[in-house]
Amino acid sequence: MKREPEGNEFDRRRFIQLGGLSLSAFLAACGSNGPAWADGLLGFAERKNESVERLLLRKGARDMARKSAKNAGKSFPSYFISDKVPMWDESTRGKWMLEVSGAVKRPVKLSLEDLTKMKGVSQRVNHYCVEGWNAVAEWTGVRVSDLARLVEPTGDVQYVDFQSFDNDYHESWDIGTAMLPQTLVAYGMDGQMLGPAHGAPARLHSPAKLGYKNTKYLTKIVFMPARNGGYWSDQGYEWFGGT
Amino acid sequence: MTAGDMAGPDAAPVAPLPPLVAATPPVEPAAPMVVKRHHWIVRVTHWVNALAITLMVGSGLQIFNAYPAFARRGETFCCYPFEHKAIPKWATFGGWLAGARHWHFAMMWVLVVNGLIYLGFIYLHGEWRDLVPRKNDPRDALEMIKFYLFVRKTHPHQGKHNAMQKGTYFLLPIIAAVLVLSGVSIWKPVEFGFITSLFGGYVWARYWHFMAMTALVALSAAHVFMVFAVDPYSMRSMITGKYNERNSPEERNARPFYHLFPRKRAPEAP
(Lines give C-alpha, C1' and ligand atoms only; values in the text may rest on other atoms or scores of the structure.)
Protein backbone atom coordinates (compact mmCIF):
# COMPACT_ATOMS: atom_id res chain seq x y z
CA MET A 1 0.00 0.00 0.00
CA LYS A 2 1.20 3.45 -0.87
CA ARG A 3 1.67 5.75 2.08
CA GLU A 4 1.20 9.42 1.55
CA PRO A 5 1.70 12.33 3.84
CA GLU A 6 -1.20 14.16 5.35
CA GLY A 7 -2.04 17.59 4.06
CA ASN A 8 -5.44 17.48 2.48
CA GLU A 9 -7.36 19.06 5.31
CA PHE A 10 -8.15 22.17 3.33
CA ASP A 11 -9.24 20.24 0.26
CA ARG A 12 -11.51 18.08 2.29
CA ARG A 13 -13.03 20.93 4.20
CA ARG A 14 -13.60 22.85 0.99
CA PHE A 15 -15.10 19.77 -0.65
CA ILE A 16 -17.57 19.34 2.17
CA GLN A 17 -18.46 23.02 2.14
CA LEU A 18 -18.94 23.15 -1.61
CA GLY A 19 -20.74 19.81 -1.63
CA GLY A 20 -23.09 20.92 1.13
CA LEU A 21 -23.75 24.22 -0.60
CA SER A 22 -24.49 22.66 -3.96
CA LEU A 23 -26.65 19.97 -2.38
CA SER A 24 -28.77 22.50 -0.51
CA ALA A 25 -28.95 24.65 -3.64
CA PHE A 26 -30.14 21.61 -5.55
CA LEU A 27 -32.74 20.73 -2.92
CA ALA A 28 -33.92 24.34 -2.74
CA ALA A 29 -34.21 24.50 -6.52
CA CYS A 30 -36.29 21.35 -6.53
CA GLY A 31 -39.90 22.14 -6.12
CA SER A 32 -41.64 18.85 -6.06
CA ASN A 33 -40.96 18.60 -9.78
CA GLY A 34 -37.20 18.94 -9.69
CA PRO A 35 -35.20 22.00 -10.62
CA ALA A 36 -36.30 24.01 -13.64
CA TRP A 37 -32.84 23.89 -15.23
CA ALA A 38 -33.26 20.15 -15.53
CA ASP A 39 -36.10 20.52 -18.04
CA GLY A 40 -33.69 20.87 -20.96
CA LEU A 41 -31.78 17.82 -19.82
CA LEU A 42 -34.95 15.77 -19.40
CA GLY A 43 -36.17 16.88 -22.84
CA PHE A 44 -32.87 15.76 -24.32
CA ALA A 45 -33.16 12.41 -22.56
CA GLU A 46 -36.73 11.99 -23.83
CA ARG A 47 -35.65 12.61 -27.44
CA LYS A 48 -32.79 10.13 -27.08
CA ASN A 49 -35.10 7.60 -25.45
CA GLU A 50 -37.50 7.94 -28.36
CA SER A 51 -34.77 7.02 -30.82
CA VAL A 52 -33.91 4.02 -28.66
CA GLU A 53 -37.58 3.03 -28.57
CA ARG A 54 -37.86 3.33 -32.34
CA LEU A 55 -34.75 1.19 -32.68
CA LEU A 56 -36.23 -1.44 -30.38
CA LEU A 57 -39.50 -1.60 -32.31
CA ARG A 58 -39.71 -5.07 -33.85
CA LYS A 59 -42.29 -6.08 -36.41
CA GLY A 60 -42.45 -9.52 -34.89
CA ALA A 61 -43.01 -8.36 -31.31
CA ARG A 62 -46.23 -9.84 -30.03
CA ASP A 63 -47.97 -9.57 -26.72
CA MET A 64 -49.94 -12.47 -25.34
CA ALA A 65 -51.85 -12.47 -22.09
CA ARG A 66 -50.63 -15.16 -19.71
CA LYS A 67 -52.83 -18.22 -19.62
CA SER A 68 -53.20 -17.89 -15.86
CA ALA A 69 -54.33 -14.25 -16.13
CA LYS A 70 -58.03 -13.51 -15.76
CA ASN A 71 -59.86 -11.17 -18.09
CA ALA A 72 -60.42 -7.89 -16.28
CA GLY A 73 -64.07 -7.78 -17.38
CA LYS A 74 -65.98 -5.25 -15.28
CA SER A 75 -62.75 -4.27 -13.50
CA PHE A 76 -61.31 -2.87 -16.73
CA PRO A 77 -60.99 0.84 -15.89
CA SER A 78 -62.91 3.23 -18.07
CA TYR A 79 -61.25 6.57 -18.79
CA PHE A 80 -62.42 9.51 -20.85
CA ILE A 81 -61.86 13.24 -20.62
CA SER A 82 -65.45 14.43 -21.07
CA ASP A 83 -67.58 15.11 -18.02
CA LYS A 84 -69.65 12.01 -18.58
CA VAL A 85 -69.35 8.85 -20.64
CA PRO A 86 -69.13 10.01 -24.26
CA MET A 87 -71.94 8.57 -26.36
CA TRP A 88 -72.48 9.04 -30.07
CA ASP A 89 -75.88 10.67 -30.47
CA GLU A 90 -77.24 9.74 -33.89
CA SER A 91 -80.15 12.19 -33.64
CA THR A 92 -77.83 15.21 -33.57
CA ARG A 93 -74.68 13.90 -35.28
CA GLY A 94 -76.06 11.47 -37.79
CA LYS A 95 -74.73 7.99 -38.33
CA TRP A 96 -71.32 7.26 -36.81
CA MET A 97 -68.64 6.90 -39.48
CA LEU A 98 -64.94 6.30 -39.20
CA GLU A 99 -63.06 8.59 -41.56
CA VAL A 100 -59.70 7.29 -42.80
CA SER A 101 -57.99 10.12 -44.62
CA GLY A 102 -55.03 12.49 -44.74
CA ALA A 103 -52.09 11.89 -47.06
CA VAL A 104 -53.74 8.92 -48.76
CA LYS A 105 -54.75 8.04 -52.30
CA ARG A 106 -58.29 6.85 -51.52
CA PRO A 107 -59.80 8.35 -48.34
CA VAL A 108 -62.80 6.37 -47.05
CA LYS A 109 -65.63 6.68 -44.57
CA LEU A 110 -66.58 3.41 -42.92
CA SER A 111 -69.71 2.63 -40.97
CA LEU A 112 -69.63 0.13 -38.10
CA GLU A 113 -71.19 -2.44 -40.47
CA ASP A 114 -68.41 -1.81 -43.00
CA LEU A 115 -65.81 -2.42 -40.28
CA THR A 116 -67.39 -5.62 -39.03
CA LYS A 117 -67.56 -6.91 -42.61
CA MET A 118 -63.83 -6.42 -43.11
CA LYS A 119 -61.33 -9.13 -42.29
CA GLY A 120 -61.18 -9.07 -38.51
CA VAL A 121 -58.94 -10.47 -35.80
CA SER A 122 -59.42 -11.35 -32.16
CA GLN A 123 -56.58 -11.22 -29.69
CA ARG A 124 -56.33 -11.74 -25.94
CA VAL A 125 -53.66 -9.26 -24.92
CA ASN A 126 -52.52 -6.98 -22.14
CA HIS A 127 -53.45 -3.36 -21.86
CA TYR A 128 -50.52 -1.50 -20.30
CA CYS A 129 -51.48 1.68 -18.52
CA VAL A 130 -48.92 4.42 -17.90
CA GLU A 131 -49.99 4.28 -14.25
CA GLY A 132 -48.49 0.84 -13.89
CA TRP A 133 -51.47 -1.48 -13.99
CA ASN A 134 -52.24 -3.95 -16.72
CA ALA A 135 -55.51 -5.54 -17.67
CA VAL A 136 -56.36 -8.45 -19.92
CA ALA A 137 -59.16 -8.42 -22.45
CA GLU A 138 -59.96 -10.05 -25.75
CA TRP A 139 -60.23 -7.41 -28.43
CA THR A 140 -61.91 -7.89 -31.80
CA GLY A 141 -61.40 -5.53 -34.67
CA VAL A 142 -59.70 -4.60 -37.90
CA ARG A 143 -55.97 -4.16 -38.21
CA VAL A 144 -54.92 -0.56 -38.82
CA SER A 145 -52.50 -1.97 -41.39
CA ASP A 146 -55.50 -3.39 -43.30
CA LEU A 147 -57.15 0.03 -43.25
CA ALA A 148 -53.90 1.52 -44.55
CA ARG A 149 -53.90 -1.00 -47.39
CA LEU A 150 -57.41 0.16 -48.21
CA VAL A 151 -56.59 3.88 -48.42
CA GLU A 152 -52.96 3.65 -49.63
CA PRO A 153 -50.97 6.30 -47.76
CA THR A 154 -48.57 8.34 -49.87
CA GLY A 155 -44.84 7.77 -49.65
CA ASP A 156 -44.14 10.63 -47.25
CA VAL A 157 -46.43 9.36 -44.48
CA GLN A 158 -44.55 8.88 -41.20
CA TYR A 159 -47.30 9.40 -38.62
CA VAL A 160 -50.93 8.59 -37.97
CA ASP A 161 -53.30 10.64 -35.86
CA PHE A 162 -56.17 8.91 -34.08
CA GLN A 163 -58.99 11.35 -33.26
CA SER A 164 -62.13 10.95 -31.20
CA PHE A 165 -65.42 12.53 -30.24
CA ASP A 166 -64.36 12.51 -26.57
CA ASN A 167 -63.84 16.25 -26.25
CA ASP A 168 -61.36 16.25 -29.18
CA TYR A 169 -59.05 13.72 -27.52
CA HIS A 170 -56.44 12.50 -29.98
CA GLU A 171 -52.99 10.92 -30.03
CA SER A 172 -50.61 10.65 -32.97
CA TRP A 173 -48.44 7.58 -33.54
CA ASP A 174 -45.34 6.67 -35.48
CA ILE A 175 -46.35 4.71 -38.56
CA GLY A 176 -44.20 1.73 -37.48
CA THR A 177 -46.21 0.96 -34.36
CA ALA A 178 -49.50 1.74 -36.12
CA MET A 179 -48.74 -0.92 -38.74
CA LEU A 180 -48.00 -3.69 -36.20
CA PRO A 181 -50.32 -6.68 -36.60
CA GLN A 182 -51.64 -6.24 -33.05
CA THR A 183 -52.72 -2.63 -33.59
CA LEU A 184 -56.48 -2.76 -34.10
CA VAL A 185 -59.49 -0.57 -34.59
CA ALA A 186 -61.46 -2.61 -32.09
CA TYR A 187 -65.26 -2.83 -32.04
CA GLY A 188 -65.52 -5.88 -29.82
CA MET A 189 -64.34 -6.64 -26.29
CA ASP A 190 -64.50 -10.01 -24.56
CA GLY A 191 -66.84 -11.37 -27.24
CA GLN A 192 -69.34 -8.49 -26.98
CA MET A 193 -69.76 -5.35 -29.00
CA LEU A 194 -67.75 -2.56 -27.39
CA GLY A 195 -69.70 -0.65 -24.72
CA PRO A 196 -69.69 3.12 -24.19
CA ALA A 197 -67.40 2.78 -21.17
CA HIS A 198 -64.63 1.37 -23.34
CA GLY A 199 -64.86 3.55 -26.42
CA ALA A 200 -67.92 2.52 -28.44
CA PRO A 201 -68.54 2.34 -31.30
CA ALA A 202 -64.85 1.69 -32.04
CA ARG A 203 -61.50 2.44 -30.44
CA LEU A 204 -57.85 1.97 -31.11
CA HIS A 205 -56.22 -0.85 -29.19
CA SER A 206 -52.69 -2.13 -29.20
CA PRO A 207 -50.56 -3.71 -26.51
CA ALA A 208 -47.57 -2.04 -28.19
CA LYS A 209 -48.33 1.40 -26.79
CA LEU A 210 -49.36 2.64 -23.35
CA GLY A 211 -53.06 3.03 -22.72
CA TYR A 212 -53.22 6.79 -23.21
CA LYS A 213 -51.98 6.42 -26.80
CA ASN A 214 -54.95 4.15 -27.58
CA THR A 215 -57.65 6.64 -28.56
CA LYS A 216 -61.18 5.58 -27.62
CA TYR A 217 -64.43 6.82 -29.27
CA LEU A 218 -62.65 6.96 -32.64
CA THR A 219 -63.91 9.20 -35.42
CA LYS A 220 -60.93 9.83 -37.63
CA ILE A 221 -57.67 8.21 -38.64
CA VAL A 222 -55.39 10.68 -40.41
CA PHE A 223 -52.17 9.65 -42.14
CA MET A 224 -49.63 12.46 -41.96
CA PRO A 225 -46.04 13.35 -42.90
CA ALA A 226 -45.54 15.13 -39.54
CA ARG A 227 -46.61 14.32 -36.01
CA ASN A 228 -49.15 16.45 -34.19
CA GLY A 229 -48.79 15.50 -30.54
CA GLY A 230 -51.77 14.33 -28.58
CA TYR A 231 -53.94 15.02 -25.58
CA TRP A 232 -51.63 13.57 -22.92
CA SER A 233 -48.40 13.96 -24.90
CA ASP A 234 -49.00 17.72 -25.05
CA GLN A 235 -49.31 17.77 -21.27
CA GLY A 236 -45.92 16.23 -20.68
CA TYR A 237 -46.32 12.49 -21.06
CA GLU A 238 -43.91 10.87 -23.51
CA TRP A 239 -45.15 11.17 -27.03
CA PHE A 240 -43.83 7.76 -28.06
CA GLY A 241 -45.13 5.75 -25.09
CA GLY A 242 -44.14 2.40 -26.59
CA THR A 243 -44.03 -0.89 -24.77
CA MET B 1 16.24 -11.14 31.32
CA THR B 2 19.19 -10.78 29.03
CA ALA B 3 20.55 -13.00 26.32
CA GLY B 4 23.34 -13.99 28.73
CA ASP B 5 20.94 -15.60 31.21
CA MET B 6 19.79 -18.12 28.63
CA ALA B 7 23.22 -19.18 27.52
CA GLY B 8 24.90 -22.23 28.95
CA PRO B 9 27.49 -21.89 31.70
CA ASP B 10 30.36 -22.21 29.19
CA ALA B 11 29.26 -19.30 27.05
CA ALA B 12 31.10 -16.06 27.27
CA PRO B 13 29.02 -13.23 28.66
CA VAL B 14 27.30 -11.29 25.86
CA ALA B 15 26.30 -7.69 25.93
CA PRO B 16 22.54 -7.10 25.56
CA LEU B 17 21.39 -6.35 22.01
CA PRO B 18 20.36 -2.83 21.24
CA PRO B 19 16.62 -2.47 20.61
CA LEU B 20 15.70 -3.11 16.96
CA VAL B 21 13.71 0.07 16.67
CA ALA B 22 15.03 3.24 18.15
CA ALA B 23 12.87 4.17 21.09
CA THR B 24 10.77 7.21 20.26
CA PRO B 25 8.91 9.32 22.72
CA PRO B 26 5.20 8.29 22.76
CA VAL B 27 3.10 10.28 20.32
CA GLU B 28 -0.42 11.35 21.16
CA PRO B 29 -2.34 10.37 19.16
CA ALA B 30 -0.36 7.78 17.30
CA ALA B 31 1.40 8.99 14.18
CA PRO B 32 -1.01 8.75 11.26
CA MET B 33 -0.55 5.97 8.76
CA VAL B 34 -2.28 7.33 5.70
CA VAL B 35 -2.89 5.08 2.74
CA LYS B 36 -4.56 5.65 -0.59
CA ARG B 37 -7.77 3.64 -0.42
CA HIS B 38 -10.07 4.62 -3.31
CA HIS B 39 -9.13 5.52 -6.86
CA TRP B 40 -10.77 8.69 -8.16
CA ILE B 41 -12.90 6.67 -10.57
CA VAL B 42 -14.34 4.73 -7.65
CA ARG B 43 -14.98 7.96 -5.74
CA VAL B 44 -16.65 9.77 -8.63
CA THR B 45 -18.83 6.78 -9.59
CA HIS B 46 -19.78 6.33 -5.93
CA TRP B 47 -21.16 9.86 -5.57
CA VAL B 48 -22.80 9.88 -9.00
CA ASN B 49 -24.42 6.63 -7.95
CA ALA B 50 -25.57 8.04 -4.61
CA LEU B 51 -27.28 11.01 -6.27
CA ALA B 52 -28.71 9.08 -9.24
CA ILE B 53 -30.07 6.26 -7.05
CA THR B 54 -31.72 8.78 -4.72
CA LEU B 55 -33.46 10.41 -7.69
CA MET B 56 -34.27 7.00 -9.16
CA VAL B 57 -35.88 5.74 -5.95
CA GLY B 58 -37.83 8.98 -5.44
CA SER B 59 -39.12 9.11 -9.00
CA GLY B 60 -39.83 5.36 -8.94
CA LEU B 61 -41.97 5.75 -5.82
CA GLN B 62 -43.80 8.67 -7.46
CA ILE B 63 -44.53 6.44 -10.47
CA PHE B 64 -45.59 3.64 -8.14
CA ASN B 65 -48.09 5.97 -6.46
CA ALA B 66 -50.06 6.26 -9.71
CA TYR B 67 -51.10 2.65 -9.01
CA PRO B 68 -49.64 1.63 -5.65
CA ALA B 69 -50.54 -2.02 -6.07
CA PHE B 70 -49.42 -5.04 -8.05
CA ALA B 71 -52.67 -6.85 -8.83
CA ARG B 72 -53.66 -7.18 -12.46
CA ARG B 73 -57.06 -5.54 -12.93
CA GLY B 74 -59.76 -7.94 -11.86
CA GLU B 75 -57.39 -9.99 -9.71
CA THR B 76 -55.84 -9.84 -6.27
CA PHE B 77 -52.16 -10.04 -5.46
CA CYS B 78 -50.83 -12.52 -2.96
CA CYS B 79 -47.60 -11.08 -1.77
CA TYR B 80 -47.71 -7.41 -0.91
CA PRO B 81 -49.43 -6.36 2.32
CA PHE B 82 -49.83 -2.68 1.39
CA GLU B 83 -51.84 -2.97 -1.83
CA HIS B 84 -53.38 0.39 -2.79
CA LYS B 85 -51.60 2.28 -0.02
CA ALA B 86 -49.66 5.23 -1.42
CA ILE B 87 -46.04 5.92 -0.53
CA PRO B 88 -45.70 9.10 1.59
CA LYS B 89 -45.19 12.22 -0.50
CA TRP B 90 -41.85 13.09 1.16
CA ALA B 91 -40.30 9.94 -0.25
CA THR B 92 -41.26 10.80 -3.82
CA PHE B 93 -39.61 12.92 -6.47
CA GLY B 94 -40.73 14.34 -9.79
CA GLY B 95 -44.00 15.94 -8.69
CA TRP B 96 -46.37 13.98 -10.87
CA LEU B 97 -46.46 10.80 -12.92
CA ALA B 98 -45.14 12.23 -16.19
CA GLY B 99 -42.44 14.30 -14.47
CA ALA B 100 -41.27 11.32 -12.45
CA ARG B 101 -41.19 9.15 -15.57
CA HIS B 102 -38.96 11.66 -17.34
CA TRP B 103 -36.56 11.64 -14.38
CA HIS B 104 -36.67 7.86 -14.15
CA PHE B 105 -35.93 7.34 -17.85
CA ALA B 106 -33.14 9.94 -17.82
CA MET B 107 -31.45 8.69 -14.65
CA MET B 108 -31.53 5.09 -15.83
CA TRP B 109 -28.93 5.92 -18.47
CA VAL B 110 -26.77 7.77 -15.94
CA LEU B 111 -26.87 4.72 -13.69
CA VAL B 112 -26.19 2.21 -16.44
CA VAL B 113 -23.22 4.17 -17.82
CA ASN B 114 -21.92 4.89 -14.32
CA GLY B 115 -22.30 1.25 -13.32
CA LEU B 116 -20.46 0.04 -16.41
CA ILE B 117 -17.59 2.47 -15.76
CA TYR B 118 -17.35 1.24 -12.16
CA LEU B 119 -17.51 -2.46 -13.01
CA GLY B 120 -15.10 -2.04 -15.92
CA PHE B 121 -12.68 -0.17 -13.69
CA ILE B 122 -12.69 -2.61 -10.79
CA TYR B 123 -12.28 -5.45 -13.26
CA LEU B 124 -9.31 -3.89 -15.07
CA HIS B 125 -7.71 -2.38 -11.97
CA GLY B 126 -8.10 -5.47 -9.80
CA GLU B 127 -10.31 -4.04 -7.03
CA TRP B 128 -12.82 -6.80 -7.73
CA ARG B 129 -10.50 -9.02 -5.70
CA ASP B 130 -11.43 -7.04 -2.56
CA LEU B 131 -15.10 -7.80 -3.13
CA VAL B 132 -15.49 -11.36 -4.38
CA PRO B 133 -16.63 -13.80 -1.72
CA ARG B 134 -14.00 -16.10 -0.22
CA LYS B 135 -14.41 -19.42 1.51
CA ASN B 136 -13.92 -17.96 4.98
CA ASP B 137 -16.22 -14.99 4.57
CA PRO B 138 -19.28 -16.56 6.22
CA ARG B 139 -17.17 -17.45 9.26
CA ASP B 140 -15.62 -13.98 9.34
CA ALA B 141 -19.04 -12.36 9.03
CA LEU B 142 -20.26 -14.45 11.94
CA GLU B 143 -17.28 -13.25 13.99
CA MET B 144 -18.19 -9.63 13.16
CA ILE B 145 -21.75 -10.23 14.31
CA LYS B 146 -20.47 -11.80 17.53
CA PHE B 147 -18.24 -8.78 18.06
CA TYR B 148 -21.09 -6.32 17.49
CA LEU B 149 -23.25 -8.29 19.92
CA PHE B 150 -20.52 -8.14 22.58
CA VAL B 151 -20.07 -11.91 22.45
CA ARG B 152 -16.56 -11.37 21.24
CA LYS B 153 -14.30 -8.79 22.84
CA THR B 154 -11.86 -7.86 20.13
CA HIS B 155 -12.51 -6.70 16.60
CA PRO B 156 -11.82 -9.53 14.14
CA HIS B 157 -8.88 -8.88 11.89
CA GLN B 158 -9.89 -7.11 8.72
CA GLY B 159 -8.23 -5.65 5.69
CA LYS B 160 -9.94 -3.02 3.56
CA HIS B 161 -13.44 -4.26 4.35
CA ASN B 162 -14.88 -6.63 6.91
CA ALA B 163 -16.70 -9.72 5.70
CA MET B 164 -20.17 -8.22 6.05
CA GLN B 165 -19.15 -5.15 4.06
CA LYS B 166 -17.64 -7.34 1.37
CA GLY B 167 -20.84 -9.33 1.16
CA THR B 168 -22.87 -6.14 0.82
CA TYR B 169 -20.66 -4.60 -1.84
CA PHE B 170 -20.71 -7.86 -3.75
CA LEU B 171 -24.48 -8.13 -3.49
CA LEU B 172 -25.14 -4.59 -4.73
CA PRO B 173 -24.18 -5.16 -8.38
CA ILE B 174 -26.33 -8.30 -8.36
CA ILE B 175 -29.32 -6.36 -7.04
CA ALA B 176 -28.55 -3.69 -9.63
CA ALA B 177 -28.71 -6.33 -12.37
CA VAL B 178 -32.12 -7.49 -11.10
CA LEU B 179 -33.26 -3.86 -11.07
CA VAL B 180 -32.08 -3.25 -14.63
CA LEU B 181 -33.61 -6.45 -16.01
CA SER B 182 -36.92 -6.10 -14.19
CA GLY B 183 -36.96 -2.41 -15.17
CA VAL B 184 -36.51 -3.29 -18.83
CA SER B 185 -39.33 -5.83 -18.40
CA ILE B 186 -41.69 -3.11 -17.22
CA TRP B 187 -40.53 -0.49 -19.70
CA LYS B 188 -40.77 -2.81 -22.72
CA PRO B 189 -43.03 -5.75 -21.81
CA VAL B 190 -43.78 -6.34 -25.49
CA GLU B 191 -40.40 -5.74 -27.16
CA PHE B 192 -38.61 -7.61 -24.36
CA GLY B 193 -41.45 -9.98 -23.59
CA PHE B 194 -39.00 -12.84 -23.15
CA ILE B 195 -37.29 -11.03 -20.25
CA THR B 196 -40.67 -10.14 -18.76
CA SER B 197 -41.57 -13.84 -18.91
CA LEU B 198 -38.39 -14.71 -16.99
CA PHE B 199 -39.74 -12.71 -14.07
CA GLY B 200 -43.13 -14.41 -14.35
CA GLY B 201 -44.91 -11.73 -16.37
CA TYR B 202 -45.51 -8.01 -16.07
CA VAL B 203 -47.10 -8.10 -12.62
CA TRP B 204 -44.19 -10.03 -11.12
CA ALA B 205 -41.61 -7.97 -12.96
CA ARG B 206 -43.05 -4.88 -11.26
CA TYR B 207 -42.97 -6.74 -7.96
CA TRP B 208 -39.34 -7.80 -8.31
CA HIS B 209 -38.40 -4.31 -9.43
CA PHE B 210 -40.01 -2.95 -6.26
CA MET B 211 -38.51 -5.61 -4.00
CA ALA B 212 -35.00 -5.20 -5.42
CA MET B 213 -35.36 -1.45 -4.85
CA THR B 214 -36.38 -2.14 -1.25
CA ALA B 215 -33.33 -4.35 -0.75
CA LEU B 216 -31.08 -1.70 -2.29
CA VAL B 217 -32.53 1.01 -0.05
CA ALA B 218 -32.18 -1.21 3.03
CA LEU B 219 -28.54 -2.03 2.28
CA SER B 220 -27.78 1.62 1.47
CA ALA B 221 -29.39 2.74 4.72
CA ALA B 222 -27.30 0.20 6.65
CA HIS B 223 -24.23 1.37 4.77
CA VAL B 224 -24.80 5.03 5.63
CA PHE B 225 -25.60 4.14 9.23
CA MET B 226 -22.37 2.17 9.59
CA VAL B 227 -20.33 4.98 8.06
CA PHE B 228 -21.49 7.36 10.78
CA ALA B 229 -21.77 4.86 13.62
CA VAL B 230 -18.61 2.84 13.13
CA ASP B 231 -16.19 4.39 10.67
CA PRO B 232 -16.76 8.10 9.99
CA TYR B 233 -13.09 8.25 8.99
CA SER B 234 -13.97 6.32 5.85
CA MET B 235 -15.87 9.38 4.60
CA ARG B 236 -12.49 10.93 3.90
CA SER B 237 -11.46 7.95 1.80
CA MET B 238 -14.54 8.36 -0.41
CA ILE B 239 -13.79 12.08 -0.85
CA THR B 240 -10.02 12.51 -1.06
CA GLY B 241 -9.24 8.83 -1.43
CA LYS B 242 -7.01 8.77 1.67
CA TYR B 243 -7.54 6.70 4.76
CA ASN B 244 -5.70 6.78 8.07
CA GLU B 245 -5.24 3.17 9.11
CA ARG B 246 -4.70 4.33 12.70
CA ASN B 247 -8.41 5.21 12.75
CA SER B 248 -9.63 1.92 11.35
CA PRO B 249 -12.42 0.17 13.28
CA GLU B 250 -10.03 -2.65 14.06
CA GLU B 251 -7.49 -0.23 15.61
CA ARG B 252 -10.24 1.45 17.60
CA ASN B 253 -12.01 -1.84 18.42
CA ALA B 254 -15.10 0.01 17.26
CA ARG B 255 -18.67 -1.18 17.42
CA PRO B 256 -21.63 1.02 16.36
CA PHE B 257 -21.29 4.16 18.52
CA TYR B 258 -18.49 2.55 20.56
CA HIS B 259 -14.92 3.85 20.40
CA LEU B 260 -15.69 6.43 17.75
CA PHE B 261 -12.51 8.31 18.68
CA PRO B 262 -9.03 6.92 18.18
CA ARG B 263 -7.58 5.34 21.26
CA LYS B 264 -4.76 7.10 23.01
CA ARG B 265 -1.84 4.72 22.90
CA ALA B 266 -0.18 3.78 26.09
CA PRO B 267 3.51 4.71 26.07
CA GLU B 268 5.51 1.75 24.89
CA ALA B 269 7.60 -0.07 27.48
CA PRO B 270 11.20 1.06 27.35
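Leaving aside neighbours within four places in sequence, L98(A) is in contact (C-beta atoms, placed from the backbone, within 7 Å) with L110(A), L115(A), V185(A), A202(A), L218(A), T219(A) and I221(A). This is a predicted model, where local features need pLDDT of at least 70, side-chain atom pairs count only at pLDDT 80 or more, and totals for chains, interfaces and linings use all residues. Residues are numbered from 1 along each chain as its sequence is written, while chains are lettered from A and ligands numbered from 1 in the order in which they are written.

**Nonpolar cores**
- L98(A), V185(A), A186(A) and A202(A) touch the most other members of the largest nonpolar core, which has 35 residues.
- Elements of chain A giving two or more residues to this core include β1 (98-102), β7 (184-189) and β10 (218-224).
- A second, separate core has 26 residues, among them I53(B), L61(B), F93(B) and F105(B).
- A nonpolar core here is a set of buried Ala, Val, Leu, Ile, Met, Phe, Trp, Tyr and Cys residues joined through C-beta atoms within 7 Å.
- Buried means that 20 or more other C-beta atoms lie within 10 Å of a residue's own, with C-beta atoms placed from the backbone.

**Helix α7 of chain B**
- Helices are DSSP runs of H or I, at least four residues, and strands are runs of E, at least two, numbered from the N terminus.
- The buried residues of α7(B) include W204(B), H209(B) and M213(B).
- Those buried residues pack against β3 (121-128) and β4 (134-143) of chain A, plus α2 (40-64), α5 (163-187) and α6 (193-198) of chain B.

**G183(B)**
- G183(B) sits in helix α5 of chain B and touches M108(B) and H209(B), not counting residues up to four places away in sequence.
- G183(B) counts as buried because it has 24 C-beta neighbours inside 10 Å.

How values were computed: Buried ≥ 20, exposed ≤ 12 C-beta atoms within 10 Å, placed from the backbone. Contact = placed C-beta atoms within 7 Å.
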